[in-house]
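Below is a short note for a colleague who has not looked at this structure before. The points are numbered so that each can be checked against the view.

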Amino acid sequence: MMNRVSSTAITACLLSFSAQAEWFEVTGYANAYTSDRAAARQEAVQDAITQALIFSGATVSSVQTLADGVLAQDHIKIKSHGEIQEINLVSENTQDGVMSVTLHLDIFPKQQQCPEESFHKQITVTQSQLIQPHHARLGQIFDIHKSASERMYQTLMQRNMTVKPIPFIDKNINVRAFFSQNFDYNAQLIESLTSASNSQYVLLSQITDLANTHKLNSDYAFWQNDEYVRSFKIDFAAFDAISKDKVWQQHYSVTGIWPYEKTKIVDVYSDTFWHTDYGKRIQGVFNSLAQDLNQAFACLPTRGKILHKDQDQLVINLGSAHGLKVGQELSIAHRSDVAGERNKFFTRSIQTINRVKVTQVNAQNAIAKNIQSRPMNNIQINDIVELIITPSEDFAL
């Protein structure tokens, strides 16, 4: 995450190349109060690259690795076969303890992995749970799960992604059962969260470790401020609103320097905290989360449910926010819950031959009309609709 968001300048211009590359002139910032100029320079370069990726919608496997590759070149210039084709140094400056590096980046539009990538998947982002509250005693950061959840949501919001976050971060949710080995969780919670937000998925998370591992400086160096290495470990799991199945799970673990004295009470909502090495490491997790979510969900089908039925017309919970347009067609599947052991219910879908066409689109819902002579007498509320995507090749003359 950049250190001076309001001061970052980003300029983009579409070049007349056949591949239509966009060039971005981006300024990244880093603290330069220490003598390690190379580390500050690397951080500023990484910040600039991150901002360019956010605004262009491009992705690379690791911004940190790319930044290291840039720094390895004398003139800060690289070429690759990825979306970032070339990076050049425009200027570098250090003033008042802040290093700024301005880069020129040529970024080619990302090629679609699949047709489904054109349609958005809304995901409810919930508040993280702090599993080991006693780990928060150092710095009295007992609100770190709330602050981190806000930061996580803002990171996802800033990105040009297929996944679109819907916030539900102001309420505490007990999520431990969703991460247990017994797989014995309350599916009704997923139903209520996704129904309230009209999302297709819900993202749950739990912070499992905040412990400090060891002290960096010696107790005999009394003239130095205390510095500790502190861990941050977090689990994520995403669930499908219709099937209630876990469709994605990931664990992230990082460590960072905790620069505060033991008695210092730290404000985890402040920019000062998020500009520390520890705060930046957590931000790095959320940057990785954004990219991982986008890759995992981009090619999933666009599915919703029937909210209302009026003879040959349906109201569905998909709209322009999901990329739906007038004229598109959807298939319909019957939805039924099957009882299992311990009173658990599992969603079963049975595909029908019914098809409907979208006739009106609102932000979060749409009206679709039956396009077949076959009546829809057997179609019910909460049945499943899925967007029919015809490959572009089928339209070739």
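1. A residue is called buried here when its relative accessible area is under 20%, exposed when it is over 50%, and partly exposed in between. Glu92, at 28% relative accessibility, therefore counts as partly exposed. The model is a predicted one.

2. Overall make-up. The chain has 397 residues, of which 46% are buried. Its secondary structure consists of six helices and 18 strands. The accessible surface amounts to about 20100 Å², and carbon and sulfur atoms contribute 48% of that. Among contacts in the chain with a separation of 6 or more, 65% are between residues 24 or more positions apart.

3. The disulfide. How many disulfides does the model contain? The count is one. A disulfide is a covalent bond between the sulfur atoms of two cysteines. Here the bond joins Cys114 and Cys299, with their sulfur atoms 2.1 Å apart. Cys114 sits in the loop between strand E5 (98–107) and strand E6 (121–126), while Cys299 sits in the loop between helix H6 (277–297) and strand E13 (303–310), so the bond ties together parts that are 185 residues apart in sequence.

4. Geometry and cover of the two cysteines. The torsion about the S-S bond of Cys114 and Cys299 is about -105°, and the disulfide is therefore left-handed. Are the two cysteines buried or partly exposed? Cys114 has a relative accessible area of 10% and is buried. Cys299 is at 36% relative accessibility and counts as partly exposed.

5. Side chains of opposite charge can pair when their charged atoms come close. The structure holds 10 salt bridges. One of them joins the side chains of Glu92 and Arg41, at 2.8 Å from N to O. Glu92 belongs to strand E4 (residues 84–95) and Arg41 to helix H1 (residues 37–56); the pair links distant parts of the chain, 51 residues apart.

6. A salt bridge at the cut-off. Asp143 and Lys146 also meet through their side chains in a salt bridge, at 4.0 Å from N to O. Asp143 is partly exposed at 32% relative accessibility, and Lys146 is partly exposed at 33%.

7. Which residue pairs with Lys244 in a salt bridge? The partner is Glu191, and the closest N and O atoms are 2.8 Å apart. Lys244 lies in the loop between strand E11 (228–240) and strand E12 (246–258), and Glu191 lies in helix H4 (residues 187–197), so the pair ties together parts that are 53 residues apart in sequence. Lys244 has a relative accessible area of 8% and is buried. Glu191, at 17% relative accessibility, counts as buried too. Both residues belong to a network of salt bridges that links Glu191, Lys244, Lys305 and Arg335.

8. Aromatic pairs. A pair of aromatic rings is described by the distance of the centres and the angle of the planes. The model has 10 aromatic pairs. Among them is the pair of Tyr201 and Phe297, which is edge-to-face, with 4.8 Å centre to centre and 80° between the planes. Tyr201 lies in strand E9 (residues 201–209) and Phe297 in helix H6, so this pair ties together parts that are 96 residues apart in sequence. Tyr201 is buried at 5% relative accessibility, and Phe297 is buried with a relative accessible area of 1%.

9. Another aromatic pair. The rings of Phe273 and Tyr278 have their centres 6.3 Å apart and their planes at 70°, so this pair is edge-to-face. Phe273 counts as buried at 0% relative accessibility, and Tyr278 is buried with a relative accessible area of 1%.

10. The aromatic cluster and a charge over a ring. Which residues form one aromatic cluster? They are Trp258, Tyr260, Phe273, Trp274 and Tyr278. Trp258 also takes part in a contact of another kind: the charged end of Arg230 sits over its ring, 4.4 Å from the centre.

Notes
Residues are numbered from 1 along each chain as its sequence is written. Side-chain values use heavy atoms; hydrogens and water are left out. A disulfide is a pair of cysteine sulfur atoms within 2.5 Å. Helices (H or I, at least four residues) and strands (E, at least two) are DSSP runs, numbered from the N terminus. Buried means under 20% relative accessible area, exposed over 50%, partly exposed in between (1.4 Å probe, protein chains only). Contact means heavy atoms within 4.5 Å. Accessible areas come from the Shrake-Rupley method with a 1.4 Å probe; for residues, only the protein chains shown count as cover. Rings of Phe, Tyr and Trp (its six-membered ring) pair if their centres lie within 6.5 Å; planes under 30 degrees apart count as stacked, over 60 as edge-to-face and the rest as tilted. A charge sits over a ring if NZ of Lys or CZ of Arg is within 6 Å of the ring centre and within 35 degrees of the ring normal.
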